[in-house]
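Reader: I am new to this one. Please show me how to read its features, one at a time.

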Amino acid sequence: MAHTATATHSECATAGKIATLKTVLTADPVRYPHMTTQELRGSFLIDGLYEPGALLLAYIDLERTIAGMVAPLEDAIPLPAFPQLRADHFTDRRELGALNIGGPGVIRVGELAYEVNNLDVLYIGRSNPEVRFESESINAPAIFYLLSYPAHAAYPTTLIRSSDSQPSELGSAATCNRRTIHKYIHAGGAQSCQLVMGVTHLHEGSAWNTMPPHTHMRRSEVYFYFDLGESARVFHLMGPPDETRHLIMNDRDVVISPGWSIHAGVGTQAYKFCWGMGGENQDYADMDPAPIECLR
């Protein structure tokens with residue numbers, strides 16, 4: 001991981017596989033306006049999370065979020081309890097969402113095995129001590145994006161197929177932001193303590209995601225951009241509406257969005273992104289609009 005705004009970094013041996021958890025400390029809105037590009041990237045952007053045969057995670061101080069990727073090949077990769085968690089198992093006090101962006105995979109939760117195909121999501125509730133990730137074929141391996149938050153109660157582990165997610169159409173071709181939003185883990189879908197998770201698909205010819213943008217102080221948000229071409233990029237807008245900056249992001253990069261920051265982006269081609277939130281509530285519509293004419 002190239003940008004290391006870290007306080008600690010630990011590595012676990014999981015049957016010979018690499019498993020790491022680094023700590024990312026984000027900046028506040030007072031320091032934010034004075035930061036260089038590299039400082040902004042180090043504080044809000046997490047890259048280098050994809051490594052075949054490895055599990056790479058980041059522990060983010062906002063909401064005590066954990067985000068990362070696991071890419072199993074021949075062997076299963078277990079989810080370890082890192083020292084930073086001060087727990088016997090990863091999910092002792094946490095819930096987890098796993099989105100597959102690769103080939104067919106299997107996630108084993110205890111004695112149960114869940115077949116998780118491309119764009120399916122598995123919600124794993126608190127108090128599941130054994131979690132393992134597998135690919136069905138090394139020729140088309142699974143790639144799981146993981147997002148986790150602390151949980152005060154245990155909800156059932158639930159598999160949400162892409163075909164069963166709740167889609168809604170937003171935007172238009174005229175405004176270059178025609179997109180389909182798929183909700184997986186939310187108040188009206190798979191139940192969780194605080195994790196909210198879904199995927200937005202940009203239609204061909206559209207490039208903008210959330211525009212006009214918004215903020216929501218009751219939750220922080222994490223964006224995971226994927227299905228970008230090798231030479232394609234997303235220009236992610238962030239910051240208070242009257243003091244915006246941008247981060248240029250590659251395929252499979254993660255960006256952290258505090259409650260005081262807008263989160264919107266435009267790509268050099270159509271793309272997908274997984275949005276996830278944790279915080280005070282699970283109300284998807286709880287947001288404070290930032291009209292375009294107010295942006296600076």
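Reader: Is Cys-176 buried or exposed, or in between?

Author: Cys-176 is partly exposed, with a relative accessible area of 34%. Buried means under 20% relative accessible area, exposed over 50%, and partly exposed lies in between (1.4 Å probe, protein chains only). Cys-294 is partly exposed too, at 40%. This is a predicted model, where local features need pLDDT of at least 70, side-chain atom pairs count only at pLDDT 80 or more, and totals for chains, interfaces and linings use all residues. Residues are numbered from 1 along each chain as its sequence is written, and side-chain values use heavy atoms, with hydrogens and water left out.

Reader: How many disulfides are there?

Author: A disulfide is a covalent bond between the sulfur atoms of two cysteines. The rule here asks for a pair of cysteine sulfur atoms within 2.5 Å. The count comes to 0 disulfides.

Reader: How many salt bridges are there?

Author: A salt bridge is a side-chain nitrogen of Lys or Arg within 4 Å of a carboxyl oxygen of Asp or Glu. The count is 8. Take Arg-161 and Asp-120: their closest N and O atoms are 2.6 Å apart. This pair links distant parts of the chain, 41 residues apart. Arg-161 lies in the loop between β13 (158-160) and β14 (166-170), and Asp-120 in the loop between β9 (112-116) and β10 (121-124). Strands are DSSP runs (E, at least two residues), numbered from the N terminus. Asp-120 is buried at 4%, whereas Arg-161 is partly exposed at 24%.

Reader: Which residue pairs with Asp-28?

Author: Arg-31 does, in a salt bridge of 3.2 Å, N to O. Both are partly exposed: Asp-28 at 30%, Arg-31 at 46%.

Reader: What does Arg-252 do?

Author: Arg-252 forms a salt bridge with Asp-251, the closest N and O atoms being 3.6 Å apart. Arg-252 is partly exposed at 22%, and Asp-251 at 26%. Salt bridges that share partners also join Arg-218, Asp-286 and Asp-288 into one network. The charged end of Arg-252 sits over the ring of Tyr-50, 4.5 Å from its centre. That label needs NZ of Lys or CZ of Arg within 6 Å of the ring centre and within 35 degrees of the ring normal. Arg-245 has its charged end over the ring of Tyr-32, 5.3 Å from the centre.

Reader: In what order do the strands of the open sheet run?

Author: Strands of a sheet pair through backbone hydrogen bonds, either parallel or antiparallel. Two strands count as paired if DSSP finds at least two bridges between them. Here 7 strands form an open sheet, β3-β21-β18-β23-β16-β15-β14, with antiparallel pairing. β3 (45-46) and β14 stand at the edges with a single partner strand each, so one side of each has no neighbour in the sheet. Inside that order, 4 bridges join β18 (residues 219-226) to β21 (residues 254-257). Glu-221 stands opposite Ser-257 in β21.

Reader: How many aromatic pairs does the structure hold?

Author: A pair of aromatic rings is described by the distance of the centres and the angle of the planes. Rings of Phe, Tyr and Trp (its six-membered ring) pair with centres within 6.5 Å; planes under 30 degrees apart are stacked, over 60 edge-to-face, the rest tilted. The structure holds 11 such pairs. Tyr-223 and Tyr-225 are edge-to-face, 5.8 Å centre to centre, with 80° between the planes. Tyr-225 and Phe-273 lie 5.7 Å apart at 45°, so that pair is tilted. It joins strand β18 to strand β23 (residues 272-279), the two residues being 48 apart. Tyr-223 is buried at 3%, Tyr-225 at 0% and Phe-273 at 2%. Ring pairs link Tyr-223, Tyr-225, Tyr-271 and Phe-273 into a cluster.
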